[in-house]
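Visitor: Could you take me through this protein, one question at a time?

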Amino acid sequence: MASVTDSRWGALLAWLGQHGMDLGELCVEPRERPGAGYGLFASKDCPPSRKLFTIPDSALLNWKTLSAHYPSPKDLNATCLISLHLLLHRPQGAKESSDPLFGPYISILPRDFDSHPLAWLARSKLASEETTEHYLLGALPRDVGEALNALWNRFVMDWKKVCQYVRHHPASLTRASLPLESENFTTSDQLLLDFLWAWLNVNTRCIFHRLHASISNPDNFTLCPILDFANHTPDLSMSMQPMPTSADIWGSPPRSRGGDDFTLMAPREITTRAGEELYLTYGAHSNTTLLIEYGFINIFTPDLVAAGTFRGEVNVQDAMAALFDSGGRDRDTWLKSTLEDEGYWGDWTLHASPPPAHPSFRLITALRLHSLVASTSEPTMTWETLQPWRAVLLGETEIVSEENEGSWRKALLRICETIRTDAEKQLASVCGSRLVEESKSKDWGPWMVENIRLLWLERIYVSGAVIRSVETGAQF
Ligand SMILES: C[S@@+](CC[C@H](N)C(=O)[O-])C[C@H]1O[C@@H](n2cnc3c(N)ncnc32)[C@H](O)[C@@H]1O
């Protein structure tokens, strides 16, 4: 542990002890983890499924534990309420948070998210001249940039909700650690950046926790001290497991209290030795999602992609859009509306695993339709002539026809080749020496350039692997 975190860790444990945590059973601690900030490490040997610690419900930071301290809390969803609370009590400089409720926990949260792509986007929007962040954003694959813009829109919507809430309930600011005026919320760039810090803490560190009667309630999540030091592993067998709460078992949360305590268990199948890192699996996410939502990617090698052991995924929206834009207006419009009506428009992907490397079923379905209509001289098809394609969708037959199989597989090859060639060109141009030089102005810059380079390489390797699958006659 770095020295500054040492004292914050001690303060956090003392505070958790006041909340009733049994510190004697704790067998983990945070340590610096190059390339990932901090991580959670075993402080003694942990056999499979050993209980690692329990955080009392009152020390969990969530909608239930905060709502009693805010006027009309139902006006805010959990993301907005937790983010607002963090914003009101953000530590200043190297000081500790003076929040009387969660101060020692807020003090140990990351102090900045400068390396996160959403922070690049915010800074580049606020900056008057080109910054390193501009160059990094310019080097991202287009679909990754689009996913980032969608995340930005989500963030801005939450910020607007919070600004509106604060305007209607200025009393919500009276207990803030910082002197804040509700009028400044819509105009201050600094407040927007503070909210971004708070919102990214929520977005990158919260975990599902059943707080509400309905399991699908979107506010069923919490910030959980100590657990949130855990880094991600894509390997589920190495992941720690939350112990099912009584709400999970009985189907509804306890009525009398804020919620259940949160207990974390060691991985089910392996023994973790003292000094080894403990992980959580955040989800079966693609690298695009990991980068956009969490600010890192799963590292891979060409061998792992070729062997189908790395969960490589490539979005082929642009190449498909070009294909669906080349058959004449009537045909293109008909194709799009037919696929939309059937729910198969967009979200088309290639996958490296499980082997053989393959196109998604959505992509195959769209290509089958494109090839079917291309085999006719008409721009559209009748209900009757479309039946062979629908029969595949309904599971009544496996293929439209032998001819259609051959035709969509050829179209798939062309799409993969386009993606591979385009990625090779982009890799050489956007990840060139200018970006490398620019990135050196940030301590995390070269690491991020390597992540972006890997995103382009993922396109090259995965499309190459699908080409090999098609050429060797793999059935999908
Ligand atoms: C829940 S926190 C984990 C603790 C965090 N590393 C810290 O320093 O506090 C999630 C963040 O950790 C980082 N992270 C998690 N898993 C990672 C991994 N496998 N590689 C690199 N960074 C990772 C990312 O910045 C992510 O947004």
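**The ligand shell and the domains**

Guide: By class, the shell around the ligand holds seven nonpolar, seven polar and two charged residues, where Ala, Val, Leu, Ile, Met, Phe, Trp, Tyr, Cys and Pro count as nonpolar, Asp, Glu, Lys and Arg as charged, and the others, Gly among them, as polar. This is a predicted model, in which local features need pLDDT of at least 70 and side-chain atom pairs count only at pLDDT 80 or more, while totals for chains, interfaces and linings use all residues. Residues are numbered from 1 along each chain as its sequence is written.

Visitor: Which residues come nearest to the ligand?

Guide: A residue is near a molecule if its C-beta atom, placed from the backbone, lies within 6 Å of it. Of the 16 residues around the ligand, those that come nearest are Ala 36, Gly 37, Tyr 38, Asn 231 and Phe 296.

Visitor: What distance separates the centres of domain 1 and domain 2?

Guide: The protein chain is divided into domain 1 (3–294) and domain 2 (307–471), with bounds that come from an automatic or database domain assignment. Taken over C-alpha atoms, their centres are separated by 35 Å.

Visitor: How many residues of domain 2 are in contact with domain 1?

Guide: Two residues are in contact if their C-beta atoms, placed from the backbone, lie within 7 Å. By that rule, 19 residues of domain 1 meet residues of domain 2, and the number on the domain 2 side is 23.
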